[in-house]
Each structure stands twice: as C-alpha cells, then as structure tokens.
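Biologist: Let us go through this model and test its labels one by one. I will ask what stands behind each term.

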Amino acid sequence: MADTVFAAASGLAVLGLLLSAVRFARGPWAIDRTVALDVMTIIATSLIVAFAVFSGRRIYVDVGMVYGLVGFAGVVAVARYLEGGL
Amino acid sequence: MNETIGAFVSLAGSLFFLLSAIGLLRMPDAFNRMQAGTKATTLGSILFLLGVGIMKPDWLGRMIILIVFIVLTNPVSSNALARAAHAHRKRIGARLEPDALAAADEGKEAGHAG
Amino acid sequence: MRTVKQRILSFLGLWGVWLLLTAPWNSEEAAAGAVVALLVAALPFSAASPLGDLRLGPRALATLVAYFFVFAKALVLSNLDVAFRVLHPRLPIAPGIVKVKTRLKTPLGRLLLANSITLTPGTITVEMRGEDIYVHWIKVADSDPEGATAAIVGGFEKYLEVICG
C-alpha cells in the first residue's frame, strides 16, 4: 500500500518535472527558462530524496541536499546576470 | 501505518508539484509564472519531504534541514528572478497595471535631469 | 565585534544543524559537534551576525511560535489561491506592482518580511528601497500604498516587530 502510493507520488513529481521541461524548451525568453529551471531544481531535489527511499540508502539524501544548494546558487547567479544584460 | 500516512502526505506534495508545472505552462508572462512556480513548489516540497520523514523517522532530521533550507532560499531566488524580469519588462511583454516600481524609477531620473 | 548574544545564537544555530544532521544521536557525536560549534562561535569575526537581531525574551519567543502558525496558514491559503487561479478556465489575473511601506528596521526582520510576502497569497517581492517594498500582486485589489500596505504587510508586521524590530 505505502509503496504503491509513494511510487504514484514520485510518478506525479516526474510528470511535473517533464511539464516544466516543456516550459523550459518553449521559453520564449531567458527569464521564462530560468523560472522553469528553478521549478525543475526544486522538484529534482525531492526526486533525489525519493530515489534514496527506493534504494534504501541514506547517502542519497545528502546528494539531494548538495544538489539543492548548488541549484539555488545557479539560479541566483543566472538571475543576477540577466538583470545586468539579456 | 506510519509508512502509509507518510506516502499519502508525499502524494499531496507531488500534486502541488504538478500544479506548479501547470501554472508554468498556462500563465501568460514570467511574473505570473513565478507566482505559480515559487509558491506551489515550496508547499509541495515541504509536504513531499515531510512525507518521507514520516515514512523513515531516522531521516527526519535531514528532512527538516532540507525543508528549512528550501523555505529560506526559494523566495530569495524568486526575488532575484523578479528583479531580472522587471529589468526586461517591456521586452518580455509583461502586463503590469499599475507599475509603481517603474514610476519610482522614472521619478528619480526626472529628478536628476531637473 | 560580535556581542555575546550573537555568539550564543550562532553557537545554538550551528549545533542545532549538527544535531539534525547526525540524528539518530549518540553522546560522543553530540559532544564533538558542541566543541566545534563553540570554537566557530568564538572566532573573532568582526561582522555582526544577522541572527543577533532576534530578541530572546519570553514574549518574543511566544510571538515566534505564533508567527510560525500564521505563516503556515498563509502558505496553505496561498497555495489554494494558486490552485484556484491556475485551474480556472479563464485565468482570473490582473497583475501589477504596488508600493508598500514597512516599519521594520533590522536586516533579519526585513528578510523575513520579504520572504513571507513572497510566500503569501498572490504576492512576490520585487525590490526593496529604504522603507519601500515593491510587490508584484497577481490581482491588484488596491493600488493606493496605504491600502496595499494594510492588505499585504499588516498581518506579518505586528509579529515581526516583536520578534526582531
């Protein structure tokens, strides 16, 4: 029961990731792509944690934490760059 | 029992992930996409990670750190993006009615000129 | 120079993160973390820590707990609001940027206020200049600065004023 429901939750999160990727591909401006990248980073962090649950190894949770940190820094760096000149 | 409750909490979180992606696709300009993207992913990841924390009580501490981190950083990145979008509001065709920030910028430039 | 209060707060913050990272606990790990956190908190940094703006009286701590629940309620409401607007067939939005004013003075108070505004129904902080905050509002209900201030900032400011002025 729990496994099925959690698999469904992860599936929905993957669907959300794919739909955001559609916005990332369509743009039309760099800002829209960066907003989509921000959303994809957060969903991917949660999916890495979900992978840790599926594989039963806690080390992947740490991978998710580091990915969240790096993704945040990346989005802020791109946003600050776009503010200066598109 | 705990496992089932946690899985359902995660399911609620992933529904908000889906909602934010639909918002990204449907909203007309970058500001409104941010509105859907930031808010829905924040609550979505809070619920998803809390659900994992309930399923695996040993991991709850790390989940709390991740949740606090996401709640603190998600608004910051959306703020940086909003500033970038406002700098290019004409080019991306954002409809802003009224736009108090542009009015403040013009007022300052007019003040310098005078 | 950092004050003693700032050092105590940064020690508690560092040790708290360590304890959450090493759960489930054993006493040796907790003690090692305490020693390192104490050393880092005692380093002679000259910059003031933003955590030092927190007040520690019983009234401020009670308000902090109350603020947590106010924030959680606003977060859930804002997500239901987003769900309504996104799934509505005609997208009921009328976006604009309005100016609101804040009475908060400390950096930590302003950070928390700006983050809270971003996570509450229909609003995103765009820019902060002095005491003016420029907010993107997905459906502008009141473009007058005072009315907008009451609608957007009012609910949080009275808590944050007690917590960190």
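Modeller: The structure is a predicted model. Over all chains it holds 10 aromatic pairs.

Biologist: Why is the pair of Tyr67(C) and Phe156(C) called edge-to-face?

Modeller: The planes of Tyr67(C) and Phe156(C) stand at 75°. Edge-to-face needs over 60 degrees, so the label holds. The centres are 6.1 Å apart, and the cut-off for a pair is within 6.5 Å.

Biologist: What makes this pair a tie between parts of chain C?

Modeller: Tyr67(C) lies in helix H3 (residues 58-87) and Phe156(C) in helix H6 (residues 154-164), so the pair ties together parts that are 89 residues apart in sequence. Both Tyr67(C) and Phe156(C) are buried.

Biologist: What kind of pair do Phe68(C) and Phe69(C) form?

Modeller: Edge-to-face, with 80° between the planes and 5.6 Å centre to centre. The angle passes the mark of over 60 degrees.

Biologist: How do you know whether Phe68(C) is buried or exposed?

Modeller: Phe68(C) has a relative accessible area of 54%. Exposed means over 50%, so the residue qualifies. Phe69(C) has 55% and counts as exposed.

Biologist: Which residues do ring pairs link into a cluster?

Modeller: Phe6(A), Phe54(A), Phe17(B) and Phe48(B).

Biologist: What makes Lys56(B) a charge over the ring of Trp59(B)?

Modeller: The charged end of Lys56(B) is 5.5 Å from the ring centre of Trp59(B). The distance limit is within 6 Å, with an angle limit of within 35 degrees of the ring normal. The charged end sits over the ring.

Biologist: Which residues make the nonpolar surface patch?

Modeller: Leu50(B), Leu60(B), Ile64(B), Val68(B) and Leu72(B) make a patch of about 370 Å². Helix H3 (residues 60-87) of chain B gives the largest share, 4 residues.

Biologist: Why is Leu60(B) called partly exposed?

Modeller: Leu60(B) lies in helix H3 of chain B. Its relative accessibility is 32%. Buried is under 20% and exposed over 50%, so the value falls in between.

Biologist: Where is Leu15(B) found?

Modeller: In helix H1 (residues 2-26) of chain B. Leu15(B) counts as partly exposed at 47%. Leu15(B) and Leu60(B) are 45 residues apart in sequence and 22 Å apart in space, C-alpha to C-alpha.

Biologist: What makes the contact of Glu83(A) and Arg83(B) a salt bridge?

Modeller: The distance is 2.9 Å, N to O. The cut-off is within 4 Å, so the contact qualifies. The pair crosses between chains, from helix H3 (residues 59-84) of chain A to helix H3 of chain B. Glu83(A) is partly exposed at 22%, and Arg83(B) is partly exposed at 24%. Over all chains the count is 11 salt bridges.

Biologist: Which residues are linked in a network of salt bridges?

Modeller: Arg80(A), Glu83(A), Arg83(B), Glu127(C) and Arg129(C).

Biologist: How do you know that Lys101(C) and Glu131(C) form a salt bridge?

Modeller: Their N to O distance is 3.9 Å. The limit is within 4 Å, so the pair counts. Lys101(C) lies in strand S1 (residues 96-101) and Glu131(C) in the loop between strand S2 (123-129) and strand S3 (132-137), so the pair ties together parts 30 residues apart in sequence. Glu131(C) is partly exposed at 41%. Lys101(C) is partly exposed at 38%.

Biologist: How far apart are the closest N and O atoms of Asp132(C) and Lys101(C)?

Modeller: They are 2.8 Å apart, in a salt bridge. Asp132(C) in strand S3 and Lys101(C) in strand S1 are 31 residues apart.

Biologist: Why is Asp132(C) called buried?

Modeller: Asp132(C) has 14% relative accessibility. Buried means under 20%, so the label follows.

Key:
Residues numbered from 1 in each chain as written. Chains lettered and ligands numbered in written order. Predicted model: local features only at pLDDT ≥ 70, side-chain atom pairs only at ≥ 80, totals over all residues. Heavy atoms only, no water. Phe/Tyr/Trp six-rings, centres within 6.5 Å; stacked < 30°, edge-to-face > 60°. Helix = DSSP H or I, 4+ residues; strand = E, 2+ residues; numbered from the N terminus. Buried < 20%, exposed > 50% of the residue type's maximum accessible area, 1.4 Å probe, protein only. Patch = residues over 30% accessible without salt bridge, like charges linked within 9 Å, V, L, I, M, F, W, Y side chains within 5 Å. Areas by Shrake-Rupley, 256 points an atom, 1.4 Å probe, with all protein chains shown as cover. Salt bridge = Lys/Arg side-chain N within 4 Å of Asp/Glu carboxyl O.
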